[in-house]
Amino acid sequence: MQNPTSVMPLLQVEHVTMAFGGIVAVSDLSLTVQPGEILALMGPNGAGKTTTFHVIAGVHAPTAGTITFDGQDITAMRPDRRCRAGLARTFQITQPFEELSVVENVMVGAINHDLSMAEAREDARRYVDMVGLSERADVLAKGLSTGQRKRLELARAMATRPKLLLMDEVTGGVDMASVPGLIELVKRLRTEGLTIIIIEHNMKVITELADRAIFMNRGARMAEGTPTEIANHPEVVELYLGEEGGHE
Ligand SMILES: Nc1ncnc2c1ncn2[C@@H]1O[C@H](COP(=O)(O)OP(=O)(O)OP(=O)(O)O)[C@@H](O)[C@H]1O
């Protein structure tokens, strides 16, 4: 009999393999994400983290395996349909429309919901406020700092009203002084009921944000546990944390 307290996972990746010709970027990977959870994907360069995001977001159709989101099989669903179903992502290298203002960039996300232009603008301003960019709302995106561009990415993604947000290195390339503010912002987004998967190298960020971490190597899961368990996992320490002084 099913456990009455069990909750259906928001995302289920089952036996996913993604091969590019002879290169197997992701190999028989399975993972689940529960509603409201923050899961971190870790691993060295080339481990398959970004490819996993691409497969979940619909950039690549997996060579094998299935992806179920919010009870629906989305393995073959187009990326725009996935977005409407409640899946959003941010990118490691931010890609705003440089010649549009901050608000206009966020409107691009809001328009996804069949709003009028006036409604989309109003909605966009709310998300711009939420990420702390109110004072920069009307400047062109090309005038933003790296940290502000990361905030814009989050606002644009939030404007699509996602259930699950895939966040690729939200603190990557950002000056150290901006990192605590970004961590606080992600914590705040979570209190809005958002479920999040983060790709992150910085162990301090992972420890502060994630409930659980999966450490990938060569396309497969090498270890899984709380951030503290992962930070102390002998193979992880040997492969990853030992080098470069712990990726802080
Ligand atoms: N479109 C592609 N065509 C061919 N090979 C690819 C493609 N995308 C990724 N790969 C290869 O798949 C492997 C996994 O790459 P992936 O970018 O997913 O790793 P990653 O863990 O995100 O690394 P990083 O931390 O450097 O971003 C690498 O060997 C990469 O060269």
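His15 lies in strand E1, where strands (E, at least two residues) and helices (H or I, at least four) are DSSP runs numbered from the N terminus. Phi of His15 is near 50°, a positive value in a residue other than glycine. His15 is exposed, because 12 other C-beta atoms lie within 10 Å; a residue is exposed with 12 or fewer such atoms, buried with 20 or more, and partly exposed in between, the C-beta atoms being placed from the backbone.

The model is predicted: local features need pLDDT of at least 70, side-chain atom pairs count only at pLDDT 80 or more, and totals for chains, interfaces and linings use all residues. Residues are numbered from 1 along each chain as its sequence is written.

**The four-stranded sheet**

- Strands E2, E1, E4 and E5 form an open sheet in the order E2-E1-E4-E5, with antiparallel pairing; two strands pair if DSSP finds at least two bridges between them.
- E2 and strand E5 (72-73) are the edge strands, each pairing on one side only.
- Five bridges join strand E1 (residues 11-20) to strand E4 (residues 64-69) in the antiparallel sense.
- Gln12 stands opposite Thr68 in E4.
- H1 packs on this sheet and touches E1, E2 and E4, a contact between two residues being C-beta atoms, placed from the backbone, within 7 Å.
- The direction of H1 makes about 65° with that of E2; axes are lines fitted to C-alpha atoms, for helices over the stretch in contact, and angles run from 0 to 180 degrees between N-to-C directions.

**Helix H1 and the ligand**

- The ligand is surrounded by Phe20, Ile23, Ala25, Gly43, Asn45, Gly46, Ala47, Gly48, Lys49, Thr50 and Thr51; a residue is near a molecule if its C-beta atom, placed from the backbone, lies within 6 Å of it.
- Strand E2 (23-33) and helix H1 (49-57) are the elements that give two or more residues to this shell.
- H1 supplies the largest share of the shell, three residues.
- By type, the shell holds four nonpolar, six polar and one charged residue; Ala, Val, Leu, Ile, Met, Phe, Trp, Tyr, Cys and Pro count as nonpolar, Asp, Glu, Lys and Arg as charged, and the others, Gly among them, as polar.
- Within H1, the residues Lys49, Thr51, Thr52, Phe53, Val55 and Ile56 are buried.

**The six-stranded sheet**

- Six strands form an open sheet in the order E6-E7-E8-E3-E9-E10, and the pairing is mixed.
- Its edge strands are E6 and strand E10 (220-225), and each pairs on one side only.
- On average, neighbouring strands of this sheet are turned by 20° against each other, direction ignored.
- Strand E3 (residues 38-42) and strand E9 (residues 212-217) run parallel and are joined by four bridges.
- Ala40 stands opposite Ala213 in E9, and Ala213 stands opposite Gly225 in E10.
- E9 and E10 pair in the antiparallel sense over five bridges.
- The hairpin of E9 and E10 has two residues between the strands, and Arg218 takes a positive phi near 50° there.

**Helices H5 and H6**

- The axes of helix H5 (residues 146-158) and helix H6 (residues 179-191) come within 11 Å and cross at roughly 10°.
- H5 is therefore roughly parallel to H6; angles under 35 degrees count as roughly parallel, over 145 as roughly antiparallel, 65 to 115 as roughly perpendicular and the rest as oblique.
- From H5, Gly147, Lys150, Arg151, Leu154 and Met158 meet Leu182, Leu185 and Leu189 in H6.
- The residues of this contact divide into five nonpolar, one polar and two charged.

**Two loop residues**

- Arg161 lies in the loop between H5 and E7 and has a positive phi of about 55° although it is not a glycine.
- Most residues other than glycine have a negative phi.
- Arg161 counts as partly exposed because it has 18 other C-beta atoms within 10 Å.
- Gly86 sits in the loop between helix H2 (79-85) and strand E6 (87-90).
- Gly86 is also partly exposed, because it has 17 C-beta neighbours inside 10 Å.
- Leaving aside residues up to four places away in sequence, Gly86 touches Asp70, Pro162, Lys163 and Leu164.
- Gly86 and Thr195 are 109 residues apart in sequence, and their C-alpha atoms are 10 Å apart in space.
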